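I opened the model today to look up a few things. My notes follow in the order I took them.

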Amino acid sequence: MIRLRDIRSKAIGQLKEIGSDSPGLDVDLLLEQALDLSPLDIMLEPDRQVSEAKEQVFQDLLRRRLAREPISQILGQKDFWSLTFKVSRDCLTPRPDSETLIEAALKAIPDRTKPLKILDFGTGSGCLLLSLMSEFPHSTGVGVDLSPKALACAQENAERLGFLDRCDFILSDWAEKLPSSAGFDVILCNPPYIGQSEKPDLAPEVHDYEPHMALFAEEEGRREYKRLAEVLPNLVAEGACVFLEIGHKQGVEIVDVFSKGGAKNIRILKDLAGRDRCIALNY
Ligand SMILES: C[S@@+](CC[C@H](N)C(=O)[O-])C[C@H]1O[C@@H](n2cnc3c(N)ncnc32)[C@H](O)[C@@H]1O
């Protein structure tokens, strides 16, 4: 048997050595998972004795974290908006910054009873689509992705969270497989937008564990916005709202791309850290 506090302090030290941003939180989350404890148990019972077998389960998880695997993938889930999504190496882990798109959509469309038709381009885990659908109980949704594995994640999340009867998932290169007269009321999209030159700056947790198709785009991160600007006008219903995530330094350039593509009323919206994160537009 070994004391919880000893396991904890040693593991925190090991994670500090590899440069984890949040070693205490990481260790607590792994302890909760491995030992089936609550955060309160860990805080109030530091002298709890842990069996060798349980400690081994924890050490196996810690080894993965020390190899820089993200906590979300080790735990297999991530909270986003008010929902919990299953995540894996096959889809991007939802980021809190992306909640900016959901907030913007809710502000733009205050009537929650509307039977909105929602399109989510590059759905990944399905986090944007399913979160917005959870706020509009009469909405229907379509999630599109070019990655069959990501699409399977989105579908599984839709099923687990009880949305499958209201949404479809389509394997497509953006609009290629969509009917051109689809008429969506809301289009959400968080496309890949990291340029190749930024690759060396990425943490191993991102670069080595998340799908590159979800991260990188040609033309220094601008290429997919240009392609989207060409197809979006054919997909919108009258009065539709479009919300796209952007890199925090891309605002002015991406506004220009969509403005040349015929979009109107383009606004740049900020995330909670005060950085440009989303552009909202209409046609
Ligand atoms: C940045 S991730 C966004 C995932 C999810 N929507 C989120 O916000 O967490 C981009 C997604 O777009 C998908 N994707 C990349 N290129 C695509 C394309 N040409 N057509 C459709 N989906 C694409 C990727 O597979 C990935 O799932």
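**Ala214 and its surroundings**

I counted Ala214 as buried because it has 22 C-beta neighbours inside 10 Å. The cut-offs I used: buried means 20 or more other C-beta atoms within 10 Å of the residue's own, exposed means 12 or fewer, partly exposed lies in between, and C-beta atoms are placed from the backbone. This is a predicted model, so I kept to its limits: local features need pLDDT of at least 70, side-chain atom pairs count only at pLDDT 80 or more, and totals for chains, interfaces and linings use all residues. Residues are numbered from 1 along each chain as its sequence is written.

I found Ala214 in helix H10. Helices (H or I, at least four residues) and strands (E, at least two) are DSSP runs, numbered from the N terminus. I then looked up the contacts of Ala214, leaving out residues up to four places away in sequence: Leu92, Gly124 and Pro192. Contact means C-beta atoms, placed from the backbone, within 7 Å. I also checked Arg277: it sits 63 residues from Ala214 in sequence and 17 Å away, C-alpha to C-alpha.

**Ligand shell**

Which residues come nearest to the ligand? I listed Gly122, Gly124, Leu146, Asn190 and Ala214, out of 22 around it. A residue counts here if its C-beta atom, placed from the backbone, lies within 6 Å of the molecule. Helix H7 (127-135), strand S6 (140-145) and helix H10 (212-215) each give two or more residues to this shell. I sorted the shell by class: 13 nonpolar, seven polar and two charged. Nonpolar covers Ala, Val, Leu, Ile, Met, Phe, Trp, Tyr, Cys and Pro; charged covers Asp, Glu, Lys and Arg; the others, Gly among them, are polar.

**Cores**

The largest nonpolar core has 60 residues, and Val242 is among those touching the most other members. Such a core is a set of buried Ala, Val, Leu, Ile, Met, Phe, Trp, Tyr and Cys residues joined through C-beta atoms within 7 Å. A second, separate core has eleven residues, including Leu4 and Val50. Back at Val242, I noted contacts with Ile187, Leu232, Val236, Ala280 and Leu281, neighbours within four places in sequence set aside.

S3 pairs with S4 (residues 83-86) in the antiparallel sense over four bridges. Pairing takes at least two DSSP bridges. Lys78 has Phe85 as its bridge partner in S4.

Note on methods: Two residues are in contact if their C-beta atoms, placed from the backbone, lie within 7 Å.
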